[in-house]
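Work through the exercises below with the sequence and the model open. Each task is followed by a solution in steps.

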Amino acid sequence: MILTTTAPVARPETQAFIDQDHQLLIDGQWVPAVNGKKFDVVNPADGKVIAQVAEGGQQDVNNAVAAARKAFESGPWPAMTASERGKMLWRLADLMEQHIEEFAEIESLDNGKPKAVAAAADVPLAIDLFRYMAGWATKIEGTTIPISVPYLDGAEFHSYTLREPVGVVGQIIPWNFPLLMAAWKLGPALAAGCTVVLKVAEETPLSALRLAHLVQEAGFPPGVVNVITGFGETAGAALSAHPDVDKVAFTGSTEVGKLIVKAAGETNLKKISLELGGKSPNIIMPDADIPAAIAGAANAIFFNHGQCCCAGSRLFVHRQHFDQVVEGVAEEAKKIKLGPGMHPDSNMGPMVSQIQQDRVCSYLDIGAKEGATAVCGGKRAESEGYFVEPTVLIDTHPNMKVIQEEIFGPVVAAVAFDDIEEVIATANDSIYGLAAAVWTKDISLGHRIAKRIKAGTVWMNCYNVFDASLPFGGYKQSGWGREMGHEAIQLYTQTKAVTLQLK
């Protein structure tokens, strides 16, 4: 169903921000791109330009990295106590909380997601992440180690470790959760004492720019957080290959992640963490609560328009319930109201861009040619925006592209299975390993399956449950390292061993 009524306009403060002259934040100053260029920001609900932002390039990245290096080495940032860093992060979270509606509207207009979803999930999760990481700033500790040195008989030593910030970090974030991904990246890096050059997605730059204004208001010293808007092949590539960047953290496609690894290897072997693609299996066992599993399966694939790296895009259902589940998920899909994110009745907005809409629809065409059947959906929606109908596919086989490749849209392929060994093997038959789920009333069985699934997150009788304390990341080609939780702190610190001879 396509909503045809006009969506409400943004609040005056939101519109005032969108109408600003959007520049780059470098060394505490808002500056235009060195080349003077700007590029358009488009509302994916209607394809209209809503803003222009600076098109940062190589020299802008150089300037931002230099500012981050100065702030890390000699600015007030390294002299601050861990408690002061934590208070600053908490202050940023408080400021964000005062602007929840504004951030939600920015995300809706820029990304396309429903305002109500952004206000209920994206923005509160970002705020909570900063508060969680604020607490970690004072808990980054080393250890004392009793050592024995057999070739120095009678000598005594005092040995300990220090966990220190890795340095200047280049962070590259995607367009599917613009504000939340900025928080996932900035929170642990700043808690650890690093300085950052944040390169935001060209499709959705606005919420990170608004966040950057609050970073300044919170009192972060100049150069600690620098924000670059620009394109991946220029600004992103320059940041990945920069010889004075100590680490790159990237969230995005596996293909681009491989390019970043190559760029780092060819320059200074900088540290890398990657949160990449997925083709997550969602397994419904014969003893599952079927109504709950149907609702969960729909949420797993249709949340955020299917534009989730962990989307439950492969639905494995025991043959006993296959027809019932497919029919149920299809009915849930048919209830979804497609419309502009600002529309209060919208359940699902558009794809983020024309490129993404075309990509998703090309997979629908390929699936049909390879023999898949669309129980519902299966095509782009008739609308001026970049909408795709929520789609449930059946009649698939393991070698189909819609089974093996990440579509990144509201498209689920349902597959029947007969036994546990079969479904575990099929679920693991993927280059990805980001997330998975299993639905069963047999908790012992659920734990046994979870142990054998090759994925960084396994949900049981639920899906898309995120918390700042839970590590998130992938096996195989879904990435390196973990976001959130205490493991995220390890991404931005390194260990130093110190030994003193006492006798």
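The exercises cover the domains, the pockets, the cavities and the salt bridges.

The model is predicted: local features need pLDDT of at least 70, side-chain atom pairs count only at pLDDT 80 or more, and totals for chains, interfaces and linings use all residues. Residues are numbered from 1 along each chain as its sequence is written, and side-chain values use heavy atoms, with hydrogens and water left out.

**Exercise 1. Describe the interface between domain 1 and domain 2.**

Step 1. Count contacts (heavy atoms within 4.5 Å). Domain 1 contributes 30 residues and domain 2 contributes 28.

Step 2. Take the buried area, meaning the accessible area (1.4 Å probe) that two parts lose on being put together, summed over both. Between domain 1 and domain 2 this is about 2300 Å², with 64% from carbon and sulfur atoms.

Step 3. Look for salt bridges (a side-chain nitrogen of Lys or Arg within 4 Å of a carboxyl oxygen of Asp or Glu). The count between domain 1 and domain 2 is 0.

**Exercise 2. Find what lines the largest pocket.**

Step 1. On a 1 Å grid over the protein atoms alone, a pocket is an open set of points with protein on both sides within 12 Å along at least five of seven lines, while a cavity is a set where a 1.4 Å probe fits but cannot get out; lining residues have an atom within 4 Å of a point. Points are joined across faces, edges and corners, and a volume is the space filled by probe spheres set on them.

Step 2. Read the volume of the largest pocket: about 1300 Å³.

Step 3. Go through the lining. It has 48 residues, and Trp 175, Glu 202, Glu 203, Ser 253 and Val 256 are the closest to the centre of the pocket.

Step 4. Sort the lining by class (Ala, Val, Leu, Ile, Met, Phe, Trp, Tyr, Cys and Pro nonpolar; Asp, Glu, Lys and Arg charged; the others, Gly among them, polar). The largest pocket has 25 nonpolar, 13 polar and 10 charged lining residues.

Step 5. Assign domains: domain 1 and domain 2 each give at least three residues to this lining.

**Exercise 3. Where does the second largest cavity lie?**

Step 1. List the cavities of 30 Å³ or more: the whole structure has 3. The second largest cavity holds about 50 Å³.

Step 2. Name its lining: Leu 125, Asp 128, Leu 180, Trp 184, Phe 466, Asp 467, Ala 468 and Met 484. By class, 6 are nonpolar, none polar and 2 charged.

Step 3. Conclude. Both domain 1 and domain 2 give residues to the lining of the second largest cavity, so it lies between them.

**Exercise 4. Which parts of the chain does the salt bridge between Asp 244 and Arg 69 link?**

Step 1. Check the pair: the closest N and O atoms of Asp 244 and Arg 69 are 3.2 Å apart. The structure holds 21 salt bridges.

Step 2. Locate the partners, with helices (H or I, at least four residues) and strands (E, at least two) taken as DSSP runs numbered from the N terminus. Asp 244 is in the loop between helix 8 and strand 10, and Arg 69 is in helix 2 (residues 58-73).

Step 3. State the separation: the pair links distant parts of the chain, 175 residues apart.

How values were computed
Domain bounds come from an automatic or database domain assignment.
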